[in-house]
Amino acid sequence: GSPQQVLLPARRSSCQSGEPVAENLQGSSMLRASASSSRVGAASRARSAWGAVSRATRPLIRFASTNDSDVDSDELVRTQHFRLSPLAHPLKAKPSLERMTKMAYEAAEMSMANKVGRQQNHIWSREELIEKLDTYKDVHTPVTFSDHVMHSIMYYGLYHPFNFITGYREVNPSPLSIEWRLIILESFAGVPGFVAAGFRHFRSLRLLQKDYGWIGTLLEEAENERMHLLVCMKMFKASSLTRTLCLGAQVGLTPFLMLVYFIKPKALHRFVGYLEQTACHTYHNIIVHVETPGTDLHKAWAHLDAPDIAKGYWHLSDDAKWVDTLKCMYADESNHRDVNHTFASMEADDPNPFVHKHAEDAAKAWKMIEAEAQAAKAQKAHGTS
């Protein structure tokens, strides 16, 4: 947790004591010239010269020691931790939830080009989870013709048939029906974000223009859904039938998603928004039954611990339960629901209003990691004292 310094050997410097200096490329050239002319110790001098050039190309900050500025002995080159350097930390971007204009986006081109933390998932606090759980009834009412088409495909073409295939019922669902339902759902939910990000990536290259921050959010969504799947795979075993359905869903629906995004990108984002609405409804129903004594899910899942992959991904406590993981997964789905409904109402070249959120998530995660490391270090020191 504390800043560390790496010590590397360096050649003698004529700098003043304690002052940082940069390696001098011109001085390296002079060394090489001297080595060539004198022919005395050529191999050794050449190695020293090229070593100086190599060090000059590294982002090192050099400090002369206090007593050896005029001594032939080697000095120390120290790499300085970014928290001790005068440079600003890349994660300390000014947070903003306001929608940016194109002009503001262009003016902030340098910070917008910084991709630090763009795929960092949100770490949910207890208060945020409670707030998100209250939004499970938030739905979008179809307005345009494409909205109605996507809504019908989602609910009547996929959701209700999916309930029938998996044997899912809303009242006291069986654990088995939920297990393979979640695996299939998450294996498919990770596809649309990646498809949309790919299309926007090639669009940016093809039109020679900016993406305005959408790609990072879409890739984070796809990665988040993939992590949901990996978490589920730590809890459940996929049968041959489940694997076949996952393969069929990916092979059959991916071309459909690509075609929709090629024709009307807004329609695909609306479709994903409706997909996430059904996911929120399902996850909320599961959580309620797990926390309700007497239900099948409570008997099977209430005592289960959260898998380690979930504890690491959402920074859950060591004593977290499986239901705590389900709440985080629900909160993620509710976020994807809101993001895609927002994208569906925007033009293709509107700046992404969620860009700063990713930097904030990364900063929050970094602070939590630092705090956890400090706590572990303090606990270890207390144990050895």
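Student: Why is His315 called buried?

Tutor: In this predicted model, His315 has a relative accessibility of 18%. Buried means under 20%, so His315 counts as buried.

Student: Where is His315 found, and what is said of its phi?

Tutor: His315 is in the loop between helix H12 (308-314) and H13. Its phi is near 55°, a positive value in a residue other than glycine. Most residues other than glycine have a negative phi.

Student: Why does Tyr212 count as buried?

Tutor: The relative accessibility of Tyr212 is 12%. Because the limit for buried is under 20%, Tyr212 counts as buried. Tyr212 lies in the loop between H7 and helix H8 (214-235), and its phi, near 65°, is also a positive value in a residue other than glycine.

Student: How do you know that the buried residues of H5 are on the same side?

Tutor: The buried residues of helix H5 (residues 126-133) are Leu129, Lys132 and Leu133. They cover an arc of only 100° around the axis, which puts them on the same side of H5. In general, an α-helix has 3.6 residues a turn, so residues three or four places apart point the same way.

Student: What do the buried residues of H5 pack against, and which exposed residues are on the face turned away?

Tutor: The buried residues of H5 pack against H10 and helix H13 (322-344). The face turned away from the buried side of H5 carries Glu127, Ile130 and Glu131, which are exposed.

Student: What makes up the lining of the second largest pocket?

Tutor: This pocket is lined by 19 residues, and Leu158, Phe162, Ile184, Ala249 and Leu253 lie nearest its centre. The elements that give two or more residues to the lining are helix H6 (145-166), helix H7 (175-207), helix H9 (240-263) and helix H10 (265-290). The largest share, six residues, comes from H6. By class, the lining has 14 nonpolar, four polar and one charged residues. The volume of the second largest pocket is about 390 Å³.

Student: How confident is the predictor in the protein, and where is the pLDDT below 50?

Tutor: The protein averages a pLDDT of 80, and 71% of the residues score at least 70. Over residues 1-40 the pLDDT is below 50, and this stretch has 81 contacts in the model beyond near neighbours in sequence. Residues 93-97 also have a pLDDT below 50, with five such contacts. Where pLDDT is low, the predicted coordinates should not be read in detail.

Definitions and conventions: Residues numbered from 1 in each chain as written. Predicted model: local features only at pLDDT ≥ 70, side-chain atom pairs only at ≥ 80, totals over all residues. Heavy atoms only, no water. 1 Å grid on protein atoms, 1.4 Å probe; cavity = no way out; pocket = protein on both sides within 12 Å on 5 of 7 lines; lining within 4 Å. Points joined across faces, edges and corners; volume = space filled by probe spheres on them. Helix = DSSP H or I, 4+ residues; strand = E, 2+ residues; numbered from the N terminus. Nonpolar A, V, L, I, M, F, W, Y, C, P; charged D, E, K, R; others polar. Buried < 20%, exposed > 50% of the residue type's maximum accessible area, 1.4 Å probe, protein only. Arc of directions from axis to C-beta. Contact = heavy atoms within 4.5 Å. pLDDT = per-residue confidence, 0-100.
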